Amino acid sequence: MTDGQDVMAAGVTPEEFRDAMARFPSGVVVVTARCEDGTPRGFTASSFCSVSLEPALVLVCLSDMADSAVAFARCEHFAVSVLAPEHRHLALRFATKGADKFSDRLLRPSPAGLPTVWQAPVQLDCAAYARYPAGDHTILVGRVTGVRLGEGSPMVYCEREFHSLN
């Protein structure tokens with residue numbers, strides 16, 4: 001056992017680690033918020049999971065280099081849309097720096113007024129609960145304040161490709 005320091009990290013390159021993580025399938029979400037001036041911001045993430053039932057908490061990881069990092073460092077609320085295979089183009093758009101992310105007709109306001117993906121299998125409204133620095137990312141924890149369930153199966157990302165569960 002070590003004292004928290006990773007003995008093997010010195011020998012692992014970012015490329016090796018990225019290749020290893022590409023073999024682990026994960027869901028795909030679009031996370032949205034609004035800047036203080038009301039401008040919508042968002043990003044695609046595959047690092048999303050539940051944290052707690054009481055209170056209902058989820059986490060998502062955001063690169064500190066993302067266009068929306070400043071907005072999410074300050075936002076009080078955000079929304080998470082779990083994507084279905086037919087939302088592949090949105091996953092790509094929200095993962096692209098500088099893209100016009102909010103021009104799609106599939107984005108609709110949630111009851112909280114945040115953009116969400118219409119007909120997503122799951123939509124969550126969240127209040128920012130905690131933020132933790134983690135290497136070159138920030139772990140954003142949200143307290144779930146609203147849940148809307150849609151139809152269909154979620155899209156999965158594995159081996160750098162999108163897959164359907166059907």
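Me: What should I know about the model and the numbering before we start?
Reply: It is a predicted model, where local features need pLDDT of at least 70, side-chain atom pairs count only at pLDDT 80 or more, and totals for chains, interfaces and linings use all residues. Residues are numbered from 1 along each chain as its sequence is written, and side-chain values use heavy atoms, with hydrogens and water left out.

Me: How many helices and strands does the chain have?
Reply: The protein chain has 3 helices and 12 strands. These are DSSP runs numbered from the N terminus (helices H or I, at least four residues; strands E, at least two).

Me: Why call it compact?
Reply: Its radius of gyration is 16 Å, close to the 15 Å that the globule rule gives for 166 residues, so the chain is as compact as a globular protein of that length. The radius is taken over C-alpha atoms, and the rule is 2.2 Å times the number of residues to the power 0.38.

Me: What volume does the largest pocket have?
Reply: About 1300 Å³. A pocket is an open set of points on a 1 Å grid over the protein atoms alone, where a 1.4 Å probe fits, with protein on both sides within 12 Å along at least five of seven lines; lining residues have an atom within 4 Å of a point. The volume is the space filled by probe spheres set on the points, which are joined across faces, edges and corners.

Me: Which residues are closest to its centre?
Reply: Of the 36 lining residues, Arg18, Ser46, Ser47, His137 and Tyr157.

Me: Which element gives the largest share of that lining?
Reply: Helix 1, with 5 residues. Helix 1 spans 14-22, and others that supply at least two residues include strand 3 (40-45) and helix 3 (88-94). By class the lining has 19 nonpolar, 9 polar and 8 charged residues. Nonpolar means Ala, Val, Leu, Ile, Met, Phe, Trp, Tyr, Cys and Pro; charged means Asp, Glu, Lys and Arg; the others, Gly among them, are polar.

Me: And the second largest pocket, what lines it?
Reply: That pocket has a volume of about 150 Å³, and its lining includes Arg34, Glu36, Asp67 and Arg74. Helix 2 (residues 69-74) gives the most, with 3 residues. The classes are 4 nonpolar, 1 polar and 6 charged.

Me: Change of topic. How many salt bridges?
Reply: The whole structure has 5, each a side-chain nitrogen of Lys or Arg within 4 Å of a carboxyl oxygen of Asp or Glu. In one of them, aspartate 19 meets arginine 160 at 2.6 Å, N to O. Aspartate 19 lies in helix 1 and arginine 160 in the loop between strand 11 and strand 12 (161-164), so the pair ties together parts 141 residues apart in sequence.

Me: What about the backbone at glutamate 159?
Reply: Glutamate 159 has a positive phi of about 55° although it is not a glycine. Its place is in the loop between strand 11 and strand 12.

Me: Where is the cis peptide bond?
Reply: It joins glutamate 54 and proline 55, with omega about 0°. Proline 55 lies in the loop between strand 4 (48-52) and strand 5.
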